[in-house]
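Me: I have a structure to go through with you. Please answer briefly and end each reply on what I asked for.

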There are 2 protein chains.
Amino acid sequence: MLDNFRRFLEQKAGLTAEQFSEVTADLRTARFKAGEILLRQGDVCDHTFFVEEGLLRLYSISDNGKEHILQFAPENWFISDRSSAYFGEPSEYFIDAIEDTTVVFLDKEFLRKVSDASPSFRSSNDYLLHNHIRFLYKRVNMLISDTAEQRYLSFIELYPDLTLRVPQWMIASYLGITPESLSRVRKELARRNFRKD
Amino acid sequence: MLDNFRRFLEQKAGLTAEQFSEVTADLRTARFKAGEILLRQGDVCDHTFFVEEGLLRLYSISDNGKEHILQFAPENWFISDRSSAYFGEPSEYFIDAIEDTTVVFLDKEFLRKVSDASPSFRSSNDYLLHNHIRFLYKRVNMLISDTAEQRYLSFIELYPDLTLRVPQWMIASYLGITPESLSRVRKELARRNFRKD
DNA sequence: CGAGCGCTTGATTGAGTTCAAAAATCGTGG
DNA sequence: CCACGATTTTTGAACTCAATCAAGCGCTCG
C-alpha cells in the first residue's frame, strides 16, 4: 500500500524511511471508481492529489457543453488545480477518474509538515513546479505550431502507455480535435506504415 | 531609473527602501534596441529578465522557419526560459526586443542575495510561479477550445495596450493563426460593430 | 439480449491557409 | 520635409484540413 508514494518521498524528496512513517501516519487516502468526480468547477481545490494507482484527468467544460482535457495523471503523477489551491479561487476545471484510482490527498497542513521534516522536500516541490511549466510551454508551442497529425504523434511519444488506456475520444479532446478527425489521422498513419511507397 | 523594478521589490516582494539600495548596488542592467536578440535557441538561459521599460517577446522557430510567439513581456513583466535556467538545459526558444527596452538581469546569485535580505521575496517568487502556471492553463484551454475570433477577443481583453504596440503579424503568431486570417477576423469584427442589425 | 457507448466511415460544410498582388504605413537618407 | 524602399496590412481566389452531420458497426455491461 502506498508504495509509489513512499518511493516518491524517499527517492525524489529525500525523506528517510523513518521520516516517511512519521509523516504517513496522518495521511488521507481514498479510492475512486471510474467516472467519479474529485473536483468540480466552482469548488475551491484545497489539495493536490498524488495518483498511487489508476488514472485521473483534468478538464474544462465550455459554454457549448464540450469537454476539453488539459491533463492526464497516471500513477506517480500529481494533479491539482494549483491556481485554485494557491489563490483560494473557485476552480474553472473538473477532475475525475478515468480508471478506478487510489489517490493520496496532500493538503496545506501535510505539505507544511513534510517541509519541516525534510528541507529537500521543498526543493523537490520547486522542481515539480518548474517541470510543470516546461511541460506547459511545450504544449502551447505544439498547439500553435503543429497539425493534428504531428500533435497525435507527440502524444504517443510522450504517453506511450496512455495511448492504450485512454479512450480515443479523450485523446482527441486533449489534442484539441474531434474524435472523427483523430480516427482519420490514425487511419492515414496506418496506411502509410503498411504500404511502402 | 529602475523605478518599476524598485516598486516591484518594495511593494510586491516586501523589501524596505534600505534593503533595496543594498541589493541594488550590484545589479546588472542593459538596454537593447528593437530587434536585438537576448536569448538564442541552443543557449542556456542563465537569468531572468525584468522589463523596466519597453517590450520583449519569447518565441520558437519551427522546422519550416516560422516563428511562434509564446509570450510577450511589457513593462513590469518577467521573462525567461525558466526551464532552461532551472534545469541548465539549452533553450528551445528565442527572446528579442520588439521595442527599445531596458532590462534588469536577475541571475542566481542575485536571487539568492535578495532571498536572504527578505523572506517575503521567496514567497513572491512562488506567487509568480503559480500565476504563470494559471496563465498557461488558460492559454492551453483557449487554444484547444476557441476559434480564431474568440482567441483574438481574449487577447484584446488581456493585453489592451499591446494590441496597439505589437505589429499584427506578431499577434497572429501568438494566437496560432496567419496574419491574413487575423486581418479578416478584424474586418469581420469591425463590420459587426458598425452595422447594427 | 438489447441499449448505449465508442469507433469508423462517408458526404458535406466551413474555418482558416496558401499564394499572389495591391494598398497602406513606416523609416530613413537625401 | 519629402521621396523611396521596405515592411505590414488588406484583399481576392483557390484550396485544404478539420468540423459537422448522419449512419452503421461492434463491443460490453447491465
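Me: How are H2(B) and H4(B) oriented to each other?
Reply: This is a predicted model, where local features need pLDDT of at least 70, side-chain atom pairs count only at pLDDT 80 or more, and totals for chains, interfaces and linings use all residues. Residues are numbered from 1 along each chain as its sequence is written, while chains are lettered from A and ligands numbered from 1 in the order written. The axes of H2 (residues 17–24) and H4 (residues 108–117), both of chain B, come within 10 Å and cross at roughly 155° (lines fitted to C-alpha atoms, for helices over the stretch in contact; angles run from 0 to 180 degrees between N-to-C directions). Angles over 145 degrees count as roughly antiparallel, under 35 as roughly parallel, 65 to 115 as roughly perpendicular and the rest as oblique, so H2(B) and H4(B) are roughly antiparallel.

Me: Which residues of H4(B) does H2(B) meet?
Reply: Helices are DSSP runs of H or I with at least four residues, strands are runs of E with at least two, and both are numbered from the N terminus. Contact means C-beta atoms, placed from the backbone, within 7 Å. From H2(B) come B:Gln19, B:Glu22 and B:Val23; their partners in H4(B) are B:Lys113, B:Val114 and B:Ala117.

Me: Which element of chain A gives the most to the side that touches chain B?
Reply: The contact takes 21 residues from chain A and 21 residues from chain B. On the side of chain A, strand S5 (67–74), helix H3 (82–87) and helix H5 (119–145) give two or more residues. With 13 residues, the top contributor is H5(A).

Me: Which helix gives the most to the surface near DNA strand C?
Reply: Near means a C-beta atom, placed from the backbone, within 6 Å. Of the 16 residues around DNA strand C, those that come nearest include A:Gln168 and B:Glu180. H8 (168–175) and H9 (179–194) of chain A, with H6 (148–158) and H9 (179–194) of chain B, each supply at least two residues. With six residues, the leading helix is H9(A).

Methods:
Contact = placed C-beta atoms within 7 Å.
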